[in-house]
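Take a first walk through this protein model. Start with the order of its parts, then go inside.

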Amino acid sequence: MTRTMHRGYGVRTVVWVRSPHASELHGALSGRGGAVTLVEPGLLRVTGLTAAEIGDLAVERGAPIHELRTTRRCARRET
């Protein structure tokens, strides 16, 4: 999971990936160190990889991406 610190809070970065090849990408992204969750058919939630890394991997695999969106949210710092 990608995190940065800001005033005692961590910022969690999540990349949302929509693709008709989601199951193929799931395994490939996990193999590159991403934490991947299938949210619904065709939609993955990925932490631990950047959108650029995910896009590059999709191109390598010939897997079309229909949506690639990054969200960030604050979370309390882990102690």
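Helices (H or I, at least four residues) and strands (E, at least two) are DSSP runs, numbered from the N terminus. In that scheme the protein chain has two helices and five strands. From the N terminus on, they run β-β-α-β-β-α-β.

This is a predicted model, where local features need pLDDT of at least 70, side-chain atom pairs count only at pLDDT 80 or more, and totals for chains, interfaces and linings use all residues. Residues are numbered from 1 along each chain as its sequence is written, and side-chain values use heavy atoms, with hydrogens and water left out.

Now look inside. The largest nonpolar core has 14 residues. Such a core is a set of buried Ala, Val, Leu, Ile, Met, Phe, Trp, Tyr and Cys residues joined through side-chain atoms within 4.5 Å. Buried means under 20% relative accessible area (1.4 Å probe, protein chains only). Val17, Leu25, Leu29, Leu44, Val46 and Ile54 have the most contacts inside this core. Strand E2 (9-18), helix H1 (22-31), strand E4 (43-47) and helix H2 (51-61) each supply at least two of its residues. H1 gives the most, with four.

Next, the helix pair. Glu24, Leu25, Ala28 and Leu29 in H1 meet Ile54, Leu57, Ala58 and Arg61 in H2, where contact means heavy atoms within 4.5 Å. These residues divide into six nonpolar, no polar and two charged. Here Ala, Val, Leu, Ile, Met, Phe, Trp, Tyr, Cys and Pro count as nonpolar, Asp, Glu, Lys and Arg as charged, and the others, Gly among them, as polar.

Definitions and conventions: Buried < 20%, exposed > 50% of the residue type's maximum accessible area, 1.4 Å probe, protein only.
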